[in-house]
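Please keep the sequence and the model in view.

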Amino acid sequence: MTTELEGPHPDTQPARSPAPDAATVLADISAILRVVLEEYGLDDFDITMETSFHDDLELESIDLVTLSAQLREFYGERVNFAAFIADRGLEEIIELTVGDLVGHVVDTLAVAEVRRP
């Protein structure tokens with residue numbers, strides 16, 4: 001599946017752009033999720049920080065793989081969804097919310113910003 005989402009890429013960003021805040025990342029992830037959910041006819045679903053990937057969005061493991069690819073395409077190599085869930089048990093993965101992912105993305109991008117020369 002291809003998407004028209006264009007995320008920040010390291011080679012096209014201004015020299016010192018600040019890391020995005022949670023509201024910006026939530027909007028970005030909501031747009032990405034709408035692309036993933038469009039396949040199921042759920043592209044107008046209300047996505048909040050409390051939205052659960054499993055219970056609310058009913059995403060299966062293959063959908064999480066698609067989400068991971070979309071996140072990588074949008075944010076580049078800085079955001080690695082697979083690494084984010086790698087150390088979690090099945091119950092923790094089932095309980096993941098959009099807010100958990102937003103927090104991870106914000107933290108990851110903030111660290112990447114600090115490490116930039």
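Visitor: How many helices and how many strands are in the chain?
Guide: This is a predicted model, in which local features need pLDDT of at least 70, side-chain atom pairs count only at pLDDT 80 or more, and totals for chains, interfaces and linings use all residues. Residues are numbered from 1 along each chain as its sequence is written, and side-chain values use heavy atoms, with hydrogens and water left out. Helices (H or I, at least four residues) and strands (E, at least two) are DSSP runs numbered from the N terminus. From that terminus the elements run α-α-α-α-α, and the totals are five helices and zero strands.

Visitor: What percentage of the residues in the chain is buried?
Guide: Buried means under 20% relative accessible area, exposed over 50%, and partly exposed in between, with a 1.4 Å probe and protein chains only. Of the 117 residues in the chain, the buried ones make up 39%.

Visitor: Which residues are in contact with Leu-101, leaving aside its neighbours within four places in sequence?
Guide: Leu-101 has its place in helix H5 and counts as buried at 0% relative accessibility. Its C-alpha atom is separated by 9.9 Å from that of Phe-53, 48 residues apart along the chain. Contact means heavy atoms within 4.5 Å; on that basis the partners of Leu-101 are Ile-29, Phe-53, Leu-67, Leu-71, Phe-81 and Phe-84.

Visitor: Which aromatic pair is tilted?
Guide: Rings of Phe, Tyr and Trp (its six-membered ring) pair if their centres lie within 6.5 Å; planes under 30 degrees apart count as stacked, over 60 as edge-to-face and the rest as tilted. By this rule there are two aromatic pairs. Phe-74 and Tyr-75 form an edge-to-face pair, 4.8 Å centre to centre with 80° between the planes. At 6.1 Å and 45°, the tilted pair is Phe-81 and Phe-84.

Visitor: Why are Phe-81 and Phe-84 separated by about one helical turn?
Guide: Phe-81 and Phe-84 are both buried. They belong to helix H3 (residues 81-86), and the separation is about one helical turn because they are three residues apart.

Visitor: Which residue lies over the face of Phe-84?
Guide: A charge sits over a ring if NZ of Lys or CZ of Arg is within 6 Å of the ring centre and within 35 degrees of the ring normal. At 4.3 Å from the ring centre of Phe-84, the residue is Arg-88.

Visitor: Which backbone oxygen does the side chain of Thr-108 reach?
Guide: Thr-108 lies in helix H5 (residues 98-115) and is buried, with a relative accessible area of 19%. Not counting residues up to four places away in sequence, Thr-108 touches Arg-78 and Val-79. At 2.8 Å, its side chain reaches the backbone oxygen of His-104.

Visitor: Which residues does Thr-97 touch, not counting residues up to four places away in sequence?
Guide: Thr-97 is found in the loop between H4 and H5. Its relative accessible area is 18%, so Thr-97 is buried. The residues touched by Thr-97 are Met-49, Glu-50, Thr-51, Ser-52 and Phe-53.

Visitor: Among contacts between residues at least 6 apart in sequence, what percentage joins residues at least 24 apart?
Guide: The question concerns contacts in the chain as a whole. For residues at least 24 apart, the share is 71%.

Note on methods. Polar contact = N/O pair within 3.5 Å; in protein donor to acceptor, adjacent residues only side chain to side chain.
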